[in-house]
Every structure is written in C-alpha cells, then in structure tokens.
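Here's a quick briefing to read alongside the model. Have a look at the structure first, then go through the points by topic.

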Amino acid sequence: MKDHFTMDAPQPRLLDEMKQGVIGTPMDRPDGPQKVSGTAGYAADHTTENMVHGVLVRATITRGRVRQIDKSSVEAIDGVIDVITDARMIRNPAQGMAGSAPVQPGDAVHYHGQPIAVVVAETFEAARDAAQRLAVHYETEEAAVTPETSTDVETGEPETAGDFEAAWSGSEVTVDKTYTTGAHAAAAMEPHAAIAEWKDGAVTLRSALQMVRFNKKELADTLGIDPSNVRILAPFIGGGFGSKLGLGPEAAAAAIAAEKLGRPVRVVMTRQNVFDTVLRRSETSQRVRFGATKAGKITAIAHDDRVSNIDGEGFAEPVTQASQFLYGADGLSFTQTLARIATTPAGSVRAPGEAVGMLAFEAALDELAEKLGIDPVQLRLDNLPETHPMDGRPYSARRLADCLKDGAERFGWADRGAPGSRREGDWQIGMGVASAARANMLIKSSSRVRLTGNRAIVETDMTDIGTGTYAILAQIAAEALGLDPSHVEVRLGDSDLPGASGSGGSFGANSAGSATFLAAKKIRARIAEALGCAEDSLTLQNGLARGDNREAALTDLVTEEFLEEATVKAGKTSESHFSSGFGAHFAEVAVHEWTGEVRVRRMLGVMSMGRILNEKTARSQAIGGMIWGIGSALTEEMQSDPRDGHVVTRDLANYHVPAHADVPGQMQVVFLEERDDYANPIQTKGIGELGISGAGGAILNAIAHATGRRVYDYPATPDRVLAALDA
Amino acid sequence: MKPFDYIRAGEIEDVAGGQIIAGGTNLLDLMKIQVVAPDALVDITRLDGLSDIAEHEGGLRIGALVTNTTVANDARVREGWPLLSRAILAGASAQIRNKATTGGNLLQRTRCPYFYDTSQACNKRAPGSGCAAMGGAGRMLAIFGTSEHCLAAHPSDMAVAMAALEAEVEITNASGETRCVPMNDFYRGPADRPDVETVLGDGDLVTAVILPTPRAGERQTYRKVRDRASYAFALVSVAGSVRMEGDTIKDVALAYGSVAPHPWMDQKVVEMLEGETASNELFQRAAKTLVPETAPHPDTEYKITLLRRTFIAAMRQLTGLADSAGTDISRAHS
Ligand SMILES: Cc1cc2nc3c(=O)[nH]c(=O)nc-3n(C[C@H](O)[C@H](O)[C@H](O)COP(=O)(O)OP(=O)(O)OC[C@H]3O[C@@H](n4cnc5c(N)ncnc54)[C@H](O)[C@@H]3O)c2cc1C
Ligand code: SF4
C-alpha cells in the first residue's frame, strides 16, 4: 500500500520517543568491511565474459565540426573492433535532476576535450591506444574561451529587498571589494565508469551515478527508448560531489556501443577524460558591498557575481545563495552575470554557490568588522535578521548565534589579539571566523520496507556515494521497528526499486530517510494491529513488541512479510518557513612571512544541522567539507589555456586537492542539538555540504588576521599571498 | 600505450636495445598517454652492482637503482648529507619514493602540461613542432636558462640537493667504460634541441651518483615551496649548506630548483655571502642579483620574487637568524 505524505505541517518528533536507541549513534557503516576489503562492486568491477572495452576520443579543437574520422588510422591495431560515432552521443554529463538528455551535438564540437567518438576493442589497452592515435579531421571556428573575451554575456535582473541604493548611499561605513575564485573539479576518487548490456530491447547500465531515478530518464531520452526499457544499477559509488548527478558521456557511449556490437561494453573515463568533460564548478568574479552604521548595524548588502558556462547549459553557479539569508540589512541586492564560453561545461560541485560565494562574502564582512573596529564574531551576532531578509519567512530552526558563541568559546577566540601581532619564528599566526550556511531541502522520495520476524529490508533507488546512506537508513528502520541495525538489510541504487531523491544538494538523508521512516511507521501500525494495541502505545525494542499490556516477539507476530512503501514530498512548510543548516567555522593559520606559504594549524566547525542520524558519518561529512574548505581557500584551481580553453590541470598531480599534510591534526566538529520540525518527519537537515560552506572563509580571514593583509584571488597560493604581503 | 618489446637487461651492453626503465614511476605515466612511445623497453632492474650505497673515497657511491626511500633513510646520508635526505623526502609520495630510483629521479621529465598533452605543440616531445607553453598557461615554467624553443623547468628535488653538494654522475657506456660528470655538466640547456636533456649518448647508462666528502660542521636545509604542503612539485626550492664562524658566513653551497631546465647555480650569490656577516640586509642584497636573463613567461614572473624570498628564508634558517623551531617548519619539509 502506498502512502503519499506531503510536508504541510510541522511534525512530531517520533524518533525521539522510540526505544531502540540507535538514532544518532556513531554506528560503523555496514558497507565498510566490503569497501576496505575490495569486495564492494563499483561500476567498472562488474566485468562479464563477453565484455569489450570502450575509450572515449576527445576533440582537440575548441569549436567546429568533425569532418572525417579516419578509421583506417587504427584498424591495424590488434584487437580494435570499431570506432563508433552516433548522433545520440552526449556532449557532457546531464545537469543534476535534468531527467532528460543533455546536448547531443552530432558532429559539432563545442569545446576542447569533448567526447566525439568511442573506440571499442577487445582490451582496454588496445582501445586506449587507438583512441590516442585515431586521425580526426576538423573544420574549426573561432570561439571565446574566457569570460573576459566572451561576446555572449547576459546579466540577469537584480534580486532585491528594500532599497539597496538608498541604503548604500546612506551608509556611514562601507566595504566594496572584488574577489575571484578559480574553477574547481569534483575530483572524485573513482573515475566515471559505465558498463552497458542489452537484452531483448532493454538496456542494463551499471554506472557511477548519484541520482538513479533521474538517470534512468536521461538514458532513455538519450537513446530514444521508453524508460521502462532502462535499468540502472549503482550500488556503490566512489565519491560524487555533484560530478555524478547526471548521466555522463561514458554511459551513453557504453549503451550505444553495446547496442551496436551486441556485446556488453565497458567505458571507464581516463583521469584526463574526467577533467576534460565532467562538469566543473565555474570560476567566479564577485563584487561584495557592505554598508553599515558606525555602531555596527549592517544597512546595505550587495553581492554581484559573474560566472560562466558553455551554451546550452541551464546551470549557473548560484554564488549568492547564502548571502541572501545570512544577515539582515535595509537594502539587499544580488545580480548575476553569465558569460558563455567554449570550455568544459559547468555544473554542480559540492555546495554549488556557498562553496565559493561564502569565501568572498565572509571575507568582505570581516573587512567591515575591521573597519568598524568590532569583533568579527560580534558583528555577525549583531546582524542576524529576525526573518529571511528577502521574503520575510521565519527560520524553521536556526542556532547560528549559538554556533558562533560556542565556537568562540571553545576556540579561544578571546585571546586572538590584534592583526599581525602573533608570530613563531618566521611564521605569523592568525585566527579567523566565518558563518556556515547551506539551504535545506526535501525532495520527493519513495522507500519500501519489508519486515519478516525480526529482520527487515529497506529498498529504494537512493544512492550511497560514500556518505553513509547504508548506515543511516538501517538505523532509521531499526529505530522505528525496534531492531538491531545488523538485522536490517539496505538495498540501494537500483532503478527497479522505489524512486528516491538520489544524492545531491545534501537532501538525500532528509528525503530517502523520511520515506524509509514513513514506510516503517506503516509497518508499526500493522504490528500494533497484530498485537492488538493502539499504535501510539506501541513500543518496539530488541525485537519485542509491547503495548496496552500486551507483549510479543516480532518473530511470533510477523511470520509473513509485512511490506509497506511510502512517499514523502515537500509541502506548505517549505513556503511558510525557511530551512537551512547553520554553523560557525574557526581556523588558525600560520603564514610564512618570506615565502607566503600558509599552513592551517587547527579548525573548528560548530554546526546545527537538525537531528544527527549517525554521529560518525555526519562528522566525516563535516570534516570532509572543511577539508574542501582548505582546498578552495588555499590549493584547488582548474587552470585552462587562455587561447583554446583546454584544461591544463588534467591529473591529480596538477589539480591540488589538499593532501594529508595540509589537514591539521586538530579538526574539531561539534554538533549542537537541534530538531527541525518544519523540514521533514525526521527533523533532519542536510549535512553533506554545510562543512564546506564558509570553511574556506574562516581560513582566508585568518590569513588576514595573521598578516594584516588580504588576498582577493583564491586559492591563496604562495605567489598570491606574497603579492598581498608586498602590496 | 603502444605495444612494445620488453628486454630484461642482463649485461650492460643490452642497454642500447631500447628505452631504459627503472622504477617506471615517470616513464609508464608518459607511455600511457603516448608522450613517450618506445618500440622496446630495457628493464635495468636486474643489472648487478647498481643497488647499493657504498663508501667511496670519503664520500658515498649511490647505485643508480637504489630507491629514493633507501637513500633518504640511509643513516650515513642523514648524518653527512642531511640536505639530500630532506630533498628526497620533500618529493612525490612515500609510495612513489619506494619505487623511484636514483637514476630515474635524475632523468625524470619536465612537468610542463603541454609536454603531457599530445594535442599540443611541444619541441621537447615532438622536436620542431613548436612550444605551446609560450602564450599558454605557464605557472610551472622556468625563469633561468630557457631558450626560445623551450621554457620548461626540471622538476627533481633530489638533483637540486645533489648539485648543491657537488655530486658527480657516474655514466657507463655499452662497452663498460665509466666516466664521471659533475651534476652541473650532466644536464644540457634546451638550446634548439629541448628533447636532448643530458649528455647521455646512445647506450649510456647512469650507474651511480658519487657524493664527495661530507661538508663537516655545516648546517643544511632544503626549502621547497609548493602549492600544497606535500605531494606537489616545487614552485621554487633552495638547497643550501652553510658553515658559520660566529656571525660570519665562511662557506656556502647553494642550488635552486624548479626555476631552470636543470638545478640552477649562481656563483655571484655565493661570492656575495662568503666572508660576510649574516643579516637580512645582506641576504636581500644577494637575492636581488638573482635576475633572469630574458623576460620569463608572464605566469612565471612571480617565481623571481618567490625564489628570492625563499632564498632569504633558507639563509635565515641556515645562519641562525630565524628561529628554526618556529611553527610547522618540519612539516613544511615533509
Ligand atoms: C604524482 C607524482 C609526484 C611526484 N612528485 C615529485 C616531486 O615532488 N619531486 C620530485 O623530485 N619528483 C617527483 N616525482 C617524480 C619521481 O621522483 C620520479 O617519477 C622518479 O624519481 C623516477 O624514477 P623511476 O626509477 O621510477 O624512473 P623511470 O620512470 O623508470 O624512468 C624515468 C626516466 O629515466 C630514465 N632512466 C631511468 N634509470 C636510468 C638510468 N640508470 N640511466 C639512464 N636513464 C635512466 C628512463 O629511461 C626514463 O626516461 C613525482 C612523480 C609522480 C608520479
Ligand atoms: S616549454 Fe618545453 S616542454 Fe613545455 S611545451 Fe614548450 S617545448 Fe614543450
């Protein structure tokens, strides 16, 4: 029986009343042993006997058309089967939740690195050899590859509240600064991969994908077949960070080649393919303006940005997302400019918007604090708005002030001293703070729970991209059904299972978790009925059902399977209230006064992110995000050629994610207790992206505190720090 | 990767049969993307006599096959040539160093991204095709010793330390004759043949590196500045060894890394320092003489400032002007 639940009113905290006591505990992930022993099957691991290997061929021009592909150039290579081009091939991965095919360019080339063909061979080595040696003849066209030279630049209407111009001109103290951030790659450890196999007109695709429900439609639309003929399997994914939200060119190529050859085809992107064609985070240029009274009341906020994307993509990095609801002002204004360029397309990378927007926004606020002579923590505390500054909605749950105060206390903020006042040898030491914010969402999701005796199975097409979905869904079902979590089996990532949100936007746990909870709740009702008690007097614990003075073991009570499915979706609470995760990041850095090297010495994130389902996986998410904060502040930048736009940093030796030595031993995360009754039936908020949002800002503010100088172009590599020191 | 023949060298004369492979940590990466596509590989790892560190005329003879890890951890090296140990440990990762060899490290190829991308013109990869790095993205290029045909920098940390230590490269030819070449003469500038990087001829094998007697009583450092704290190639590096008498600098050896097609040396700087009293002012004056002969690629201009300042930082450490116990110093080297 289905149960469609719409989030129209705040929900009771039922999970707090249940008795198993596993919610929130730092339970080890059940899939851990499989992962560390190499037995978890990732997409490319499912080889079959008859399978052949495909390697993508990249375009080596920026824009134009493939005139001819000379197959004879590779025919002599032993094992080469075919060079396949097809009008259904896709130019780049689909954007998150697209549910339809991305651009299918035919023989047109839109950027350097675009996949234009797939070479299939009996071995991977032969396919890769042929992909590199294939002779391709092009017709070329001119195209702009930098936002500065683009001729297709569109500025949107400002989003405003109050009268910014009036507030700005009346401000007693102002800050007006421009910042730039580099393009980012998700750089997931597992390269994008797919294996496709056809049977009776239907295709099964094993691929590293975050959103199976949408990916199924994307593949069907790409191939021009009915979605009922598509099955997608993605039980394990080696990191996504947004880069596997949408169906990718490797999956389309595998499906097309497998259909043509009548054999299963595996296409694994090389690391260089990944950098060339997987959606990047746009570089940004951001102008931030703060106006305030001398007493430290913010009066005006403007945050204008310029981002880029290739033509045909609807996505534009939502840079100012958090700037619109963190602080209050009399006038606020946000304007985005989008430049079309012929380069690797842009899309969602972990915390789209906040990850780079908050670097600039929180740095500018810090500069305002300095100008006003007000402590940066205090300035933030003094300017928290009553309600959402843009639309007046009340916050559903917001402990930002507590996070700031608690963090300041724990971090020893009071001792931080004047800018440039602390040193050890040639290193200057400083502390910085930044707020954290990441809007929270609930996305339509279904889940099925089956109970027989004291064993349960959870089934949903939700994915686990390394985040801990297997753990938390087991915990939710175990809590609701009174079972040991080891008695709950979780099946994920199969498009034949009930469709969930998928992993994206930090909404997976909220959405699939709520659906699982509601399905389990339906089963509770059936248990109560079987026991003969009222549902609200039922207690389930350790396989025992109790209520209204009755008691029975589930093994006696549920001898035939109870199966329930539930669907949850957002409703009126998302209009009546504004839900977001909040937090405060603190960082201490050392800056070498001669070399400009920056070392992060310790970090603290104090976060209020709704109910914590699993303390361990939540902490891992928060720390992972904070490490990316180090990356975006200090090390990460995709560089491209200014003439033809090709990506220059095409491997992990040149694209610098933080190494272990960049991460301080002291990475502390504190969760403040919180329930968000308006968010969803389990009172959770998104966790995956809050850790990154603002973390880099705290580091950049710490650099300014250490040295008394500010860097405006990020990442703050040694050359840029030195330029600031010498300025 | 193109199919290739594999030859396991049993004798030195087998070496002439193809491209030498030692640890393979650089060569295999290049072969996978067909930057290098040899018809035959000669695996030298079973050759006798190349895998030991032996005492030699007051110094050490490090066989060409001794791994980077072994050299860095050798008690004699750590005691007598700590600079070398530090330089090696500042490079790559533990896993790579376990596999990488002394000979392979010296002969590793540049990290110029255009060299790595076969869709781009590159005189080093494809002689005569041009140099796409000129006018392109050039943050890692050299500022000294470049030519109009190539701007690439040599990425080895180990070689920079060896240059400062005045090590010699032992080369054996196919007939088994051995000659020794100072580190500085081992590499050739790019001139009009950037593909030819060393004095090695056909069939020549690097068989060892010879370290001269230790520089007794000197303080040594390898100061590497990079985009992240570990596992990144140097933006610039300074290898230095200094003997002090009171406040006076008696002896200095210096070499600079990632700023030239090979370890860079500058005798002028040494002359300015020796016999002088250590001071910031002196170091600043000496640093100013580190001037490129030709204008560097615009993306690389920062290296002039960064090199000078890293030199000052290193000298402050070596002469005791800086409190070397300062925060994280050790981590900056690991
Ligand atoms: C991700 C990554 C990061 C790295 N970071 C650094 C770094 O920070 N600093 C640094 O210095 N290095 C770094 N390296 C490079 C590393 O030091 C080299 O790859 C390694 O030293 C090469 O040694 P090998 O034995 O594996 O050489 P191989 O790959 O086997 O050979 C390299 C070259 O040397 C030739 N060759 C090998 N032995 C001899 C010999 N005895 N005589 C003549 N020719 C020979 C080969 O023909 C080949 O051309 C890094 C490498 C990687 C992959
Ligand atoms: S700088 Fe040298 S290595 Fe780089 S592209 Fe030019 S010729 Fe090739």
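In chain A, three strands make an open sheet in the order 5-3-7, paired antiparallel. Strands here are DSSP runs of E, at least two residues, and helices are runs of H or I, at least four, numbered from the N terminus; two strands pair if DSSP finds at least two bridges between them.

This is a predicted model: local features need pLDDT of at least 70, side-chain atom pairs count only at pLDDT 80 or more, and totals for chains, interfaces and linings use all residues. Residues are numbered from 1 along each chain as written, chains are lettered from A and ligands numbered from 1 in written order, and side-chain values use heavy atoms, leaving out hydrogens and water.

**Sheet pairing**
- Strand 3 (residues 64–70) of chain A runs antiparallel to strand 7 of chain A over six bridges.
- Ile69(A) sits opposite Val136(A) of strand 7.

**Ligand 1**
- Around ligand 1 there are 34 residues (a heavy atom within 4 Å), and the nearest include Gly24(B) and Thr101(B).
- An oxygen atom of ligand 1 is 2.5 Å from a polar backbone atom of Ile20(B).
- Asp157(B) puts a side-chain N or O atom 2.7 Å from a nitrogen atom of ligand 1.

**Ligand 2**
- Ligand 2 has 14 residues around it, with Cys112(B), Cys122(B), Cys131(B), Cys150(B) and Leu151(B) closest.

Note on methods. Polar contact = N/O pair within 3.5 Å; in protein donor to acceptor, adjacent residues only side chain to side chain.
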